[in-house]
Amino acid sequence: MDGLIIVDKPAGLTSHDVVIRLRKILKTRRIGHTGTLDPLATGVLLVTVGQATRLFPYLSTLDKTYSGEIRLGISTDTYDAEGRPLGPEIELWPDEEKLRKEIESFLGAIEQLPPPYSAKKINGQPAFKLARQGLKPELKPVPVTIYRFLILDYQPPFLKFLVDCSSGTYIRSLAHDLGQKLGCGGHLTGLRRLAVGPYTEEEALSLEKINELFKSDNVEGFLIPLDKLLPDFPAVWLDGSGARWFINGVRIALSRVTRADLTKTKRNPVPIYRVFSEEGRLLGLATFQENSFQPELVFNRSFRS
């Protein structure tokens, strides 16, 4: 069982809780998620199974889309509704014009400080563990990109929003930082991940539905196979000899390529190529160097020679 599951994570579970439940449902331990969602959040959680777990470095860097709600007027120590207030509530909220102006200041490439209660590692320790001990984690700003930050509805003190952002963006920090810029404070009260790269909430399944499909032997009903993963990556197909050499880690000459889809995405200037056998079996991933394809990752796949 090798592939990707698009889970609709419910509120109240950690991403690791989802992995544990799927291990029990599918009766296999080789399962992992590709990007943490806080317990408060719901929505798209990509879970890899079997050999697909090796695609973590590529799936985890996909852009994200979120919708959510921010409550203005008060900040919390966790930057969300589960934290302790950092002061009294301020009932002097900005008008929509000022709100839009400050939101626009977050667009593009920015430096963002992760929340103190986060899984960010500091000398090998997650920041949230240090924060729970009453310590102040020494977090450093990280570069992220906000492609879009839209107001969906504004009924003070509540702001409903939509965000498109790069991987690694903390929406809790976005809510907190917006509140600081507005001078009234703010924290995240609700969050739903709508998409991770090309994978959307319309495709996401509940844990209950996955369990139901697995019990009825309908694995294809919830598992996207290896051959269909990373559809936004360019691809090449190799002849029989090229495929055999590739799975042995040999650099492949252009003469062994029988077909190619070399479409590049704007956010992937130095692309990783999917490499297929003539039969359409995904053999692995490669980079293009010196007029040949250099294997980066090779799967254990069978194919007709």
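Author: Start with C165. C165 counts as buried because its relative accessibility is 1%. Buried means under 20% relative accessible area, exposed over 50%, and partly exposed in between, with a 1.4 Å probe and protein chains only. This is a predicted model, where local features need pLDDT of at least 70, side-chain atom pairs count only at pLDDT 80 or more, and totals for chains, interfaces and linings use all residues. Residues are numbered from 1 along each chain as its sequence is written, and side-chain values use heavy atoms, with hydrogens and water left out.

Now C184. C184 is buried too, at 3% relative accessible area. C184 sits in the loop between α5 (171–182) and β10 (186–196). Helices (H or I, at least four residues) and strands (E, at least two) are DSSP runs, numbered from the N terminus. Beyond its neighbours within four places in sequence, C184 contacts L72, G73, I74, I90, L92, P94 and G179. Contact means heavy atoms within 4.5 Å. L92 is 92 residues from C184 along the chain, yet their C-alpha atoms are 7.0 Å apart.

What about disulfides? The whole structure has 0. A disulfide here is a pair of cysteine sulfur atoms within 2.5 Å.

Next, the core. The largest nonpolar core has 27 residues, and F149, I171 and L178 have the most contacts inside it. Such a core is a set of buried Ala, Val, Leu, Ile, Met, Phe, Trp, Tyr and Cys residues joined through side-chain atoms within 4.5 Å. β8 (142–155) is one of the elements that supply at least two residues. β8 gives the most, with 6 residues. Leaving aside neighbours within four places in sequence, I171 touches Y66, F161, V163, C165, L188 and L191.
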